[in-house]
Amino acid sequence: MELQPFQRQHLKGLAQTLNPVVMIGNNGLSDSVLREIAISLDAHELIKIRVQGDDRAARIALYEQICDELSAAPVQHIGKLLVLWRPSDKQRIVLPKNKKALKLASQS
């Protein structure tokens, strides 16, 4: 799933107040952790994940694997935090269609 830069910007703004809902420990990405991420995405659409460990390359690989396996869009990767978005059936978050819509939404 690919996001336009202005859509990613909108989601980053929404994610600022979120707390991580899933933590990936030293054991890595197990099936149960992946299932928990999928459940959280279905419930919230936009989530933060905290990854333990200091290996940046490993975190990037996890981020890409999660996005590929769950058909989620990568929003942001800052340090040990990953932000993902995937629309659900109930569509809680409406993405702006263009840059002008993003500016109007941020002003209100």
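Which strands does helix H3 lie across? In this predicted model, H3 lies across S1, S2, S3 and S4, and runs at about 160° to S3. These four strands form an open sheet with mixed pairing.

- The order of the strands in the open sheet is S1-S2-S4-S3.
- The edges are taken by strand S1 (20-24) and strand S3 (73-78); each has a single partner strand, so one side of each is left without a neighbour in the sheet.
- On average, and with direction ignored, neighbouring strands of this sheet are turned by 25° against each other.
- Strands of a sheet pair through backbone hydrogen bonds, and the pairing is either parallel or antiparallel.
- S1 and strand S2 (residues 46-51) run parallel and are joined by four bridges. Across this pair, Met 23 stands opposite Arg 50 in S2.
- S3 and S4 run antiparallel and are joined by five bridges. Here Ala 73 stands opposite Trp 85 in S4.
- S3 and S4 form a hairpin with two residues between the strands, in which Gly 79 takes a positive phi near 60°.

**The helices**

- Helix H1 (residues 5-15) packs on the sheet, where it touches S2, S3 and strand S4 (81-85). The direction of H1 makes about 55° with that of S3.
- Two packed helices are described by the angle between their axes and the distance between the axes.
- For helix H2 (residues 31-44) and helix H3 (residues 56-70), the axes come within 11 Å and cross at roughly 65°. The crossing of H2 and H3 is right-handed.
- On the H2 side, the contact is made by Leu 34, Ile 37, Ala 38 and Leu 41; on the H3 side, it is made by Ile 66, Glu 69 and Leu 70.
- Of the residues in this contact between H2 and H3, six are nonpolar, one is charged and none is polar.

**The nonpolar cores**

- In soluble globular proteins, nonpolar side chains tend to be buried together.
- The largest nonpolar core of this model has 19 residues. Those with the most contacts inside this core are Ile 24, Leu 29, Ile 37, Ile 49, Ile 66 and Leu 84.
- At least two residues of the core come from each of S1, H2, S2, H3 and S4.
- When neighbours within four places in sequence are left aside, Ile 37 is in contact with Val 22, Ile 24, Leu 29, Ile 47, Ile 49, Ile 66, Leu 70 and Leu 84.
- Another core, of 10 residues, lies apart from the largest one; Leu 3, Ala 15, Ala 73 and Ile 93 are among its residues.

**Two loop residues with positive phi**

- Glu 45 lies in the loop between H2 and S2. Its phi is near 70°, a positive value in a residue other than glycine.
- Is Glu 45 buried or exposed? Glu 45 is buried, because its relative accessible area of 0% falls under the cut-off of 20%.
- Ser 71 lies in the loop between H3 and S3. The phi of Ser 71 is near 55°, again a positive value in a residue other than glycine.
- With a relative accessible area of 46%, Ser 71 is partly exposed.

How values were computed
Residues numbered from 1 in each chain as written. Predicted model: local features only at pLDDT ≥ 70, side-chain atom pairs only at ≥ 80, totals over all residues. Heavy atoms only, no water. Axes fitted to C-alpha atoms, helices over the stretch in contact; angles between N-to-C directions. Left-handed = near helix turned anticlockwise from the far one by under 90°. Contact = heavy atoms within 4.5 Å. Nonpolar A, V, L, I, M, F, W, Y, C, P; charged D, E, K, R; others polar. Pairing = 2+ DSSP bridges. Core = buried A, V, L, I, M, F, W, Y, C linked by side-chain atoms within 4.5 Å. Buried < 20%, exposed > 50% of the residue type's maximum accessible area, 1.4 Å probe, protein only.
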